[in-house]
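This report is meant for someone meeting this structure for the first time. Please look over the sequence and the model shown here before reading on.

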Amino acid sequence: MSYLLESPPVGVEISRDQNSYIPERRFPQHPFAGSVDDFLPGSCEAAGFFRRSAWSWYDGRLDVGLQEAAAAVDVKCDDNHEPCELAPFWHIALLIKARELDAAWRALNSLEMRRGASEAERVTATSHVIRGDLLFAMGRVEEGLAEVNAGLRVAERCGARSLLPTGYVVMALGALRRADMRACLHFVDKLTGEALLGYFGQAAGAWVTAQAAEARGGVDNAAGLIAGIVTHPFVLRQLLVSEPAAASWLVRASGKLGARDLAQAVVIAACAASGKQSRFGVVRAAALHAAGLLEKDSCKLLEAANLYPDRWCGASAREDLAGLLAARRSERNNTIHILESALGAYTAVGATRDASRIVNKLRDFGVRRGAIRAVERDGDLPHGLTNTEFAVAELVSQGHTNNEVGRQLFISRHTVAFHLKKVYQKMSVASRVELAASWKAMQ
Ligand SMILES: [Zn+2]
């Protein structure tokens, strides 16, 4: 999967001096708008700001990227370039990456109010995808994924390729958190296809792909990609200002691989990003979270949990904090309390997979919560299945082995076999193939 981590084009050299930061040269793809060479050869000022903004973010400078994007929005494009119309959306996309969600929400709504009724399909698609990305970051997952999906359909129809990866990343991540591996792998496949074409800003796609590989086959399955991300400076810098959950995930995964050097490299890069861009609480929180994990520092984890503007990330920091405290007998009640708080947040943002992991951790403390009770399945389930049986049946009918199902639901394969037997009885089927057929017919 190394093609996900292609080097930037030859000749990219970027100043490392903080005070005279000037992003230089070019990259092959422009956010939302296709190839740089395809557009804006003239002297449009807005386009210049837009381009510099994209370059800066690409190099891990969200602060400079945001300044330049705001300038691109302020300067009016006199030539009605279609790509210039997309600059306000790019600005909002960067606000979302910075988790300045209120500002992003205001900007998006005022933009929608100014926009005319008739417009290019590319603009419509971009608007849907960005709104979905924002809703997803706000924890309004269902609405967010529906918006992104609507935007992707328009983008695929009108050939707005450069928008697709942004949408696929949200869809894959959303599916992964809901333990819907079929949908996750579907979007990871699509991301891989775009990566082969050299899409812009590949870091988030590489990270989602690594997570899917881990969920499917364990962390060893993702080892090559993890090492690739961490040792590739461009990809790592870009990822750290794109996905707040990435740094801590990489430290955790490196830890499982026994690769302390990789974990250290992530922490160093995250702290460097935070040092340069301390105005972003989310970047600081991500650095504290990563460092707290590596150094087993509960104060840093707690600070990260309180600082994250993103609910899922806050829950993740609390889960790691509970992991540290669990080793101390005197902290038993505190640990349970923190785990329950993380469970509540994961449940609220529809993160079934993460919620079921916490349910299992709570069980180790003798606290019973209905497994996957967190799943947002209201009402009666078919054939009188319990929530766990439903989740097992769903994954088995997608073709997963008991081992894989167990890994995704954080239960042992023996427990999976036990639940599966119940499913067979309740649904009057005798094999996985029959189950898959009945499941398909049922839906
Ligand atoms: Zn223009």
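## Overall organisation

Of the contacts in the protein between residues at least 6 apart in sequence, 57% join residues that are at least 24 apart. The model is a predicted one, and its secondary structure comes to 23 helices and 2 strands. The protein has 443 residues, and buried residues make up 52% of them.

## The nonpolar core

The largest nonpolar core contains 135 residues, and those with the most contacts inside it are Ala-172, Ile-229, Val-266 and Ala-290. Helix α15, which covers residues 281-295, gives the most to this core, with 10 residues. At least three residues of the core are drawn from each of domain 1 (1-201) and domain 2 (382-442).

Ala-172 can be followed in more detail through its surroundings. When its neighbours within four places in sequence are left aside, Ala-172 is in contact with Cys-184, Phe-187, Val-188 and Leu-191, and also with Val-208 and Ala-212.

## How α21 and α22 pack

Two packed helices are described by the angle between their axes together with the distance between those axes. Helix α21 (residues 402-409) and helix α22 (residues 413-427) pack at an angle of about 105°, and their axes are 8 Å apart. Because angles of 65 to 115 degrees count as roughly perpendicular, α21 is described as roughly perpendicular to α22.

On the α21 side the contact involves Asn-402, Asn-403, Val-405 and Gly-406, which meet Arg-413, Thr-415, Val-416 and Ala-417 in α22. Sorted by class, the contact of α21 with α22 has 3 nonpolar, 4 polar and 1 charged residues.

## Two loop residues with positive phi

Lys-296 has a positive phi of about 50°, although this residue is not a glycine. Lys-296 lies in the loop between α15 and α16, the latter covering residues 298-307. Is Lys-296 buried or exposed? A residue is exposed if 12 or fewer other C-beta atoms lie within 10 Å of its own, and Lys-296, with 12 C-beta neighbours inside 10 Å, therefore counts as exposed.

Ser-428 is not a glycine either, and has a positive phi of about 50°. Ser-428 is found in the loop between α22 and α23, where α23 covers residues 432-442. With 9 other C-beta atoms within 10 Å, Ser-428 is exposed.

Definitions and conventions. Residues numbered from 1 in each chain as written. Predicted model: local features only at pLDDT ≥ 70, side-chain atom pairs only at ≥ 80, totals over all residues. Axes fitted to C-alpha atoms, helices over the stretch in contact; angles between N-to-C directions. Helix = DSSP H or I, 4+ residues; strand = E, 2+ residues; numbered from the N terminus. Parallel < 35°, antiparallel > 145°, perpendicular 65-115°, else oblique. Contact = placed C-beta atoms within 7 Å. Nonpolar A, V, L, I, M, F, W, Y, C, P; charged D, E, K, R; others polar. Core = buried A, V, L, I, M, F, W, Y, C linked by C-beta atoms within 7 Å. Buried ≥ 20, exposed ≤ 12 C-beta atoms within 10 Å, placed from the backbone. Domains from an automatic or database assignment.
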